[in-house]
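Hi everyone, thanks for coming along. I'd like to walk you through one structure today, so please have a look at it on the screen.

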Amino acid sequence: MTFLQIPESQPEVIDIETAWLRHGPFGMWIVRACEPRKIVELGTHNGYSYFSFCQAVVEGNLSTECIAVDTWEGDEHAGYYDDSVFRNVTQLNQKYRSFSTLKRMSFDEALSDIEDGSVDLLHVDGRHFYDDVKEDFESWIPKLSDRAIVLFHDTEVYERNFGVHKYWQEISETRPSLSFLHQHGLGVLFWGENIPSGLIPLVSNLKNPDFTDIIRNYFSTRGDGVATKIEARKSAANLKSLQDHLQAVSDELSAKSRQYEQSEANVAFLQKTLRKERRTPFRQLKRKYAHKILRSLAESSLPVSQRTRTKWKKSAEKRNPKRNDLLANKQSPALILQHSYQDLLESWRQQRLNDATVISGLQKALADGPLISVVVPVYNPDPNLMLEMIESVRSQSYKNWELCIADDCSSDPEVRRVLSEVSQTDSRVKVCFRETNGHISIATNNAIDMAQGAWIAFADHDDLLDPDALLLVAKAISEDENLKIVYTDEDKIDENGVRFSPHFKPDFNRDLLYSLNYISHLGVYDAQLVKTAGALREGFEGAQDYDLLLRCIERIDSNQIHHIPKVLYTWRATLGSTAASRTAKPYAIEAGRLALEEHLNRMHASDLSAEATETPFIYKSSWPLIGSPLVSIIIPTRDHLPVLRVAVETIIEKTQYDNFEIIIVDNGSTEKTTLEWFKGIQTRDRRVRVIRDDRPFNYSALNNAAVAQCRGDIIALVNNDIEVLDGSWLTEMVSLAQRPDTGCVGAKLLYPDGRIQHAGVVIGMGGVAGHTHHLFPRDHYGYFGRLIVRQDYTAVTAACLVVRRDVFKEVGGLNETDLAVAFNDVDLCLKVHTAGYRNVWTPFATLIHHESISRGYEDTPEKKVRFAKEAEYMKNTWGTQSFADPSYNPNLTLDRADFSTKLII
């Protein structure tokens, strides 16, 4: 055996115990024999195989890079149960040398970052079903080098026609291969064309049965020897069970510790808030006087340079007491949200008790309501959790329902037993058992085939329905016979029964839906609509509900989609569940992208495309320009040349869309430098035109007059304190404004320090209207991703607003009679919204807004009177104090800008 360079003495394995160690000697030997440049393991389980590879690398003093890839969450054999492998590698550090080649990556990250042709040893050990093994391996084929070896774990253990052994049988015939029958089977596939010299004798003798048996026996024996060494070090035969018990105790202690830490964090936050509130009056006083002094200096006649005067002015604005710093403590919104949601859940419980008579009356009124079929595909759920789902349906206050369950050939016999027992107990529960596994789309369609209801509600096999979910759905249907889709808010529940992460959704929001499937659960569809659309399609697994939703909305009007702003569906967020997972299989993300792209092509134009973003299941659609319409950029100003120059010059220098004109509306500038600059800029760039308008400042009138004199089919209202960052801003906004159903388009505006100034306007916030996500960090994800996607808002700010000229004229432009300064942009957007257009906000047009540098704040008696009058006009005209903004949710507060839940309902 020495000619194979098999080591006579096996290196000691430290502090680790598993049956995989019977394969470990071969894994360690093959690392030493071929000296791979890069090892990748897909699915680490408890990390024992990966530890074997790492130990071989360390003891061989190799420069090998080892990468542990977390495949996905959702299966008992996937991902990391804990960090035991990394603790074991730490022991290697201590015993041998610094181990710097260890890496831990997600599946998508590894596929993206690891270069093609660089992997010499690949261990495929994720989930052990045929399709998953096949996809995992074939995804990594481009990464394999010309000397690569691939190990497949459990090639003999699964006696099912969809197990890993079936795929192993297929591929092992194509290349030199070896399979250990001992301990579940370890398949060794010599994939590369250039076999390492240390393995050539092994490969050349694989066809010799006697030789193969010798190899198998040798390493099986060596494996038994290693296992024996480990067993000898144990103090008792029941140590493993004791360890399990200790681990359970440790887990419980860890959970208690986390709860304690959370409580401590909450207490610390409250203490900090209290200290802050105590100091607030003094800070505000200091800030107020510093603001006044610096502002006085800036406006004085002192003989200082314009640069110094501008610095004073900026410093004054930073200290303006009206400036809001809600997000100074980044953790406060999350803590308040969690606290308020728990309070909200309790208030709902009390409300349900108080409204028992109302619920009873509604039950009687809807006794003859439509039959709702709850369809559920089932595959190997926890039987107890599945039973909880079933009971949440059976306990509905609405009685006219049926539960249609399709079991997709679950391997757990307990699942079949529970389903059979329930269906025999309750005739409203219908169950079919598939003979083969067909995945979620086929299984769901089988459940739909059983459904007799006029409406179909989709649920997952371990989630929960609110007791009044179907009752409130039936109520909505009874109140509007034209409805075709009803959806609700949702939250999650952890393994301890704690509900969290409520998603309070907007009403139907087309551009938001074109970015992500925010509708999700609970979704209830007209049954005929589902059947007409073709139900669920194979090939879209992982995004099958998104695909169905997009195909359904193609066949109905937006007013046939109804949102119930109540949490009526709870996702199960236990280890491995979809709700808890932050990662996703590439095929599922691609399925969602393809579903969206096909929808866009069917509904709009064949050249539209959708691309996946860095965030799983969030997409960006392309809206190509139609021609190159002239855009008239209107900028009112009065002096303030430093900021105006930045605005105009960054527009000219950075804007990629070049068919524009800039109309500077000079509202009474007097400074010589400003007037000279006006002359010079018009000479240097013929696209710039200055219009003199000396009337008293009236933002609405100035812009209306400029629109009447400009030539563009597209109007861009831009403040003089805007600064362009990204050259694609105007292309993005014009391409959206060109869509026939789009009205105003707003941009993402930042303060100079990078925090968010504008990301859409909510009507009613602060009494009239307010900016969402105000003062959030620039790159923040936002409330359920709403800072990184396009979406419809009822209003956007005119600090940077793009709209078609015909839409602007159709609604009468800006209100120069009642809204000379404030709220004119909100009023314009409301008029456009009422006319049937969608106002859109986009994060893909980002600019800096040096807010209120020109005109200042509402801080004089005259300005305060005028502001109050304009606010009163908005309240009386639009009813802003009671306005139900469809882009928001009534469960969210109007007192804060961070999507916090209402503390009192």
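Let's start at Lys672, which lies in helix H22. Helices here (labelled H or I, at least four residues) and strands (E, at least two) are DSSP runs, numbered from the N terminus. Lys672 is exposed, with a relative accessible area of 61%. For the cut-offs, buried means under 20% relative accessible area, exposed means over 50%, and partly exposed is in between, with a 1.4 Å probe and protein chains only. Lys672 and Asp639 are 33 residues apart in sequence, yet 9.2 Å apart in space, C-alpha to C-alpha.

Two notes on where this comes from. This is a predicted model, so local features need pLDDT of at least 70 and side-chain atom pairs count only at pLDDT 80 or more, while totals for chains, interfaces and linings use all residues. Residues are numbered from 1 along each chain as its sequence is written, and side-chain values use heavy atoms, with hydrogens and water left out.

Now the overall numbers. The protein chain has 27 helices and 30 strands. Of its 905 residues, 53% are buried. Among contacts (heavy atoms within 4.5 Å) with a separation of 6 or more, 78% are between residues 24 or more positions apart. The chain exposes about 40,100 Å², and carbon and sulfur atoms supply 50% of that; these areas come from the Shrake-Rupley method with a 1.4 Å probe, and for residues only the protein chains shown count as cover.

On to helix H21, residues 641-654. Its 14 residues reach 19 Å from first C-alpha to last, close to the 20 Å expected at 1.5 Å a residue; the expected span is 1.5 Å times one less than the number of residues. Which residues of H21 are buried? They are Leu641, Val643, Leu644, Ala647, Val648, Thr650 and Ile651. Their cover includes strands E19 (631-637), E20 (660-666) and E23 (722-724), along with helices H22 (672-684) and H24 (729-737).

Leaving out residues up to four places away in sequence, Ile633 touches Ile651, Phe660, Glu661, Ile662, Ile663, Ala716, Val718, Trp729 and Leu730. Ile633 is also one of the residues with the most contacts inside the largest nonpolar core, which has 81 residues; Ile485, Leu513, Val631, Ile662, Trp729 and Leu730 are the others named there. A nonpolar core is a set of buried Ala, Val, Leu, Ile, Met, Phe, Trp, Tyr and Cys residues joined through side-chain atoms within 4.5 Å. A second, separate core has 55 residues, including Leu717, Cys744, Val796 and Val807. As background, nonpolar side chains tend to be buried together in soluble globular proteins.

Next, Asn719, in the loop between strand E22 (714-718) and E23. Is Asn719 buried or exposed? Asn719 is buried, at 18% relative accessible area. Beyond its neighbours within four places in sequence, Asn719 is in contact with Ile635, Ala647, Tyr699, Ala798, Ala799 and His849.

Tyr699 belongs to helix H23, residues 699-709. Nine of the 11 residues of H23 are buried, so this helix is largely enclosed by the rest of the structure. Those buried residues pack against E19, E20, E22, helix H25 (805-810) and helix H26 (824-834).

Strands pair if DSSP finds at least two bridges between them. E13 pairs with E16 (561-572) in the parallel sense over nine bridges, and there Asp489 has Val567 as its bridge partner. With E15 (523-526), E13 pairs in the antiparallel sense over three bridges, and Ile485 partners Tyr525. E13 also pairs with E14 (499-503), antiparallel over three bridges, with Glu490 opposite His503. E13 and E14 form a hairpin with five residues between them, and Gly497 in the turn has a positive phi of about 80°.

Last stop, the cysteines. How many disulfides does a search of the whole structure find? Zero, taking a disulfide as a pair of cysteine sulfur atoms within 2.5 Å. For Cys54, the closest cysteine sulfur is in Cys66, 4.4 Å away, too far for a bond. Cys54 is buried at 0% relative accessibility, and Cys66 also counts as buried, at 0%.
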